[in-house]
Amino acid sequence: MANLLSSAASQETLPDSFVFPEDQRPPTSTAAVELPVPPPRRGPPRRPRRRQGARILQALDKFFALPAEDKAAFYSDDKDKPNRLFSGSMYRAGERERYWRDCLRLTCAFPVDDATWNDWPDKPHRIREVVERFLMATRALGMELLRLLCEGVGLRHDYFDGELSGGAVIVTVNHYPPCPDPARTLGLPPHCDRNLITLLRQGDVPGLQVAYRGGDWIDVRPVPGAFVVNFGHQLEARLHLDHFRQIFTATRYGDRGIATNGLLKSVEHRAVPDAAARPRTSVATFIMPTGDCLVAPAEELVAAAGEGPRYRAVTFREFMEVYKAVGARREGVEKAFKT
Ligand code: OGA
Ligand code: NI
């Protein structure tokens, strides 16, 4: 049975299975941050992107509005299935808690081949084109950002090309339906992205929060037409935290403007349902290494820092296995992989 929030009748009260213990619930804090957006590059003006971005989310929204039987055809609880629709999170919740989120998860060979394409949902009309266009544009943007990061830390600009970024590309479409009691549940648990770098598009409805000092969570205000860029664990392991800090100080006052807001390590984030009970859809592209890729701190950076590597070398496949066992929290992952 397809266990989807977006297929269920709207609910007046939050079922118990979604209620989180008090210390894990969204705070009542009103702190919010607007992540800095890099200035447009000089050159001929580009076509405004805003409408295009909004169209992508609108098109993907339609998927969750399909009749229940259409969605049921794509639904699966099999975590090993590369393309599937499910409810909740891959990150394990407690015994009882469920997450207030439906997710369409698509795995893509890059560039997209026929077999991949045929494995994606074919409703609503043109969804495959929409996803492919999004994937191509965001992957290119992600690779461009990686090149700029390399320049910032003094690595050769193509350092992340090849197997470090050459794994399958995952596109996830998150849908958080209106929630009857948003203050008592979560859409996505606290986690750092496991991959190299993530480009997330959110619409006008807020819901993304990042961890802040002292265990607080702050809202990331949606910026129209902008992507939220998350640095994943693999990027952190490769680049050393201190170097991230250097990029920040080097770019904040310069004119390159990599959008990081000083949250330069792999930042813990989570999603909460909208307090005003609006539905929210977001879409993210995850760039990741190949499974066999050995991820270790860049030798050039270790040498420059004059100390040993801070992370042990593991293949991306091994990382993912250990990650599954230790859970999504930053602390556990650090313990498992830091030297
Ligand atoms: C994710 C994620 C946040 C959001 O998919 O990894 O963090 O705002 N999504 O939906
Ligand atoms: Ni995430």
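This is a predicted model: local features need pLDDT of at least 70, side-chain atom pairs count only at pLDDT 80 or more; totals for chains, interfaces and linings use all residues.
Ala 298 is found in the loop between strand 12 (294-295) and helix 7 (299-305); helices (H or I, at least four residues) and strands (E, at least two) are DSSP runs, numbered from the N terminus. Ala 298 counts as buried, at 0% relative accessibility. Buried means under 20% relative accessible area, exposed over 50%, and partly exposed in between (1.4 Å probe, protein chains only).

Residues are numbered from 1 along each chain as its sequence is written, chains are lettered from A and ligands numbered from 1 in the order in which they are written, and side-chain values use heavy atoms, with hydrogens and water left out.

**Ligand site**

- Ligand 1 is surrounded by Thr 172, Asn 174, Tyr 176, Leu 188, His 191, Asp 193, Leu 200, Leu 208, His 269, Arg 280, Ser 282 and Phe 286. A residue is near a molecule if one of its heavy atoms lies within 4 Å of it.
- By class, this shell has 5 nonpolar, 5 polar and 2 charged residues. Ala, Val, Leu, Ile, Met, Phe, Trp, Tyr, Cys and Pro count as nonpolar, Asp, Glu, Lys and Arg as charged, and the others, Gly among them, as polar.
- Strand 4 (169-176), strand 5 (188-191) and strand 11 (280-287) each supply at least two residues of the shell around ligand 1.
- In the side chain of Ser 282, an N or O atom is 2.7 Å from an oxygen atom of ligand 1. For Arg 280, a polar side-chain atom lies 2.8 Å from a ligand oxygen. For Asn 174, the distance from a side-chain N or O atom to an oxygen of ligand 1 is 3.3 Å. A polar contact is a pair of N or O atoms within 3.5 Å; within protein, one must be able to donate a hydrogen and the other to accept it, and residues adjacent in sequence count only if both atoms are side-chain atoms.
- On its own, ligand 1 has 290 Å² of accessible area, and the protein covers 97% of it. Accessible areas come from the Shrake-Rupley method with a 1.4 Å probe; for residues, only the protein chains shown count as cover.

**Aromatic pairs**

- The structure holds 8 aromatic pairs. Rings of Phe, Tyr and Trp (its six-membered ring) pair if their centres lie within 6.5 Å; planes under 30 degrees apart count as stacked, over 60 as edge-to-face and the rest as tilted.
- Phe 18 and Trp 100 have ring centres 5.0 Å apart and planes at 70°, so the pair is edge-to-face.
- This pair links distant parts of the chain, 82 residues apart. Phe 18 is in the segment before strand 1 (32-33), and Trp 100 is in the loop between strand 2 (84-87) and strand 3 (102-108).
- Phe 18 is buried at 2% relative accessible area. Trp 100 is buried, with a value of 2%.
- Phe 63 and Phe 64 have ring centres 5.3 Å apart and planes at 90°, so this pair is edge-to-face. Phe 63 is buried at 2%, and Phe 64 is buried at 3%.
- One aromatic cluster is formed by Phe 316, Phe 319 and Tyr 323.

**Charges over rings**

- The charged end of Arg 201 sits over the ring of Phe 227, 4.4 Å from its centre. The criterion is NZ of Lys or CZ of Arg within 6 Å of the ring centre and within 35 degrees of the ring normal.
- Lys 81 lies over the face of Phe 74, at 5.8 Å from the ring centre.

**Backbone and loops**

- The peptide bond from Lys 123 to Pro 124 is cis, with omega near -5°. Pro 124 lies in the loop between helix 3 (114-118) and helix 4 (127-153).
- Arg 126 is in the loop between helix 3 and helix 4. Arg 126 has a positive phi of about 70° although it is not a glycine. Arg 126 is partly exposed, at 45% relative accessibility.
- Ala 277 lies in the loop between strand 10 (269-271) and strand 11. Phi of Ala 277 is positive, near 60°. Ala 277 is partly exposed, at 36%.
- Gly 232 is in the loop between strand 9 (227-231) and helix 5 (233-239). Gly 232 is buried, at 0%. Gly 232 and Asp 193 are 39 residues apart in sequence and 4.7 Å apart in space, C-alpha to C-alpha.
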